[in-house]
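Hi there,

Here is the structure I promised to pass on. Please have a look at it first, and my notes come after.

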Amino acid sequence: MSTKTTAQSSFRLAVIIGSVRHERFADAITGWLLTELAAIDGLEVDPIDLADVDLPLQGTRPGGTETAISARLHAADAYLIVTPEYNHSFPAALKNAIDWHFSEWAYKPVAFVGYGAGSGGIRAIEQLRLIFPELRATTIRDAVLLNAPWTRLGPNGYEGTEGERAALAGTMTELGWWARTLRAGRAADRVSAA
C-alpha cells in the first residue's frame, strides 16, 4: 500500500493499541499494521500501547489531569484504534484511556482496526462510534475488520489478506482526508480567535 502525499498533506497518526492482556494477539496485528503504514509517504506514526501506560481507574474529571500520553494524543492529527472484541465490546483499559482525556480528542478523526472471532471486532467498533462524538471527535465510516486473524499467523507474524490490505488503504485514504480537513479547521479557529 503506497499513497503519495506532499508535506502539506502529511499528518501525524497516533495508533492506539487497546488490549492490555499479557498474552494478546494485538502485537501480531500491530506489527503488520505498522509495516503497512510505513509505506504511506508523509505519514508520521506514533504507536501508543496502553499496556505500557500507567493509567489507574479514571478518578478526576476528564481533562483534569495530564497523563503520560496526553501530549502524544494532543500532538496527533488523527487516531487509529486497534481493538479486540471482548464479550461483544471493547476492553475496559481502552475506555479508561479515552475517559482520562477530553480536549485531546476534539475535532479530530478516529478510525478503527478491529479483530475477533466471527465478527472481526465490529461490535467493539460500533460501541466506540457512540462514545467519540461526545468528545467532539469524528469517527470515519471505513474500518478494518480482522475475522479470526490467528488463523493467518505465519512464520513472519500476521499475514493480512488482500481484502484486509484494501480495507486498510481505503480507511487510511478517508482518515487522511478528515485529518487534513479538521486540522485546517482547527488552525482557522485559532486564527479567528486571535
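Residues are numbered from 1 along each chain as its sequence is written, and side-chain values use heavy atoms, with hydrogens and water left out.

On confidence: pLDDT is the predictor's confidence in each residue, from 0 to 100. The protein has a mean pLDDT of 90, with 90% of its residues at 70 or more. Residues 2-7 have pLDDT below 50, and beyond near neighbours in sequence this stretch has seven contacts in the model (contact means heavy atoms within 4.5 Å). Where pLDDT is low, the predicted coordinates should not be read in detail.

On the strands (DSSP runs of E, at least two residues; helices are runs of H or I, at least four; both are numbered from the N terminus): strand E1 (residues 11-17) has six of its seven residues buried, that is, under 20% relative accessible area with a 1.4 Å probe, protein chains only. E1 runs parallel to strand E2 (residues 43-49), and seven bridges join them; strands pair if DSSP finds at least two bridges between them. Leucine 13 has valine 45 in E2 as its bridge partner.

Threonine 83 sits in strand E3 (residues 78-84). Why does threonine 83 count as buried? Because its relative accessibility is 0%. Its contacts, leaving aside neighbours within four places in sequence, include Phe90, Val113, Tyr115 and Leu128.

The largest pocket holds about 240 Å³. Its lining has five charged, three polar and three nonpolar residues, and helix H5 (residues 162-193) supplies the largest share, five residues. Among the lining residues are His74, Glu104, Lys108, Arg186 and Asp189.

One cavity of 30 Å³ or more turns up, and the largest cavity has about 40 Å³ of space. Its lining is made of nine nonpolar residues, with no polar and no charged ones; Ile16, Ile48 and Trp105 are among them. Helix H3 (residues 92-100) gives the most to this lining, three residues.

Best wishes

How values were computed:
This is a predicted model: local features need pLDDT of at least 70, side-chain atom pairs count only at pLDDT 80 or more; totals for chains, interfaces and linings use all residues. On a 1 Å grid over the protein atoms alone, a cavity is a set of points where a 1.4 Å probe fits but cannot get out, and a pocket is an open set with protein on both sides within 12 Å along at least five of seven lines; lining residues have an atom within 4 Å of a point. Grid points are joined across faces, edges and corners, and a volume is the space filled by probe spheres set on the points. Ala, Val, Leu, Ile, Met, Phe, Trp, Tyr, Cys and Pro count as nonpolar, Asp, Glu, Lys and Arg as charged, and the others, Gly among them, as polar. Buried means under 20% relative accessible area, exposed over 50%, partly exposed in between (1.4 Å probe, protein chains only).
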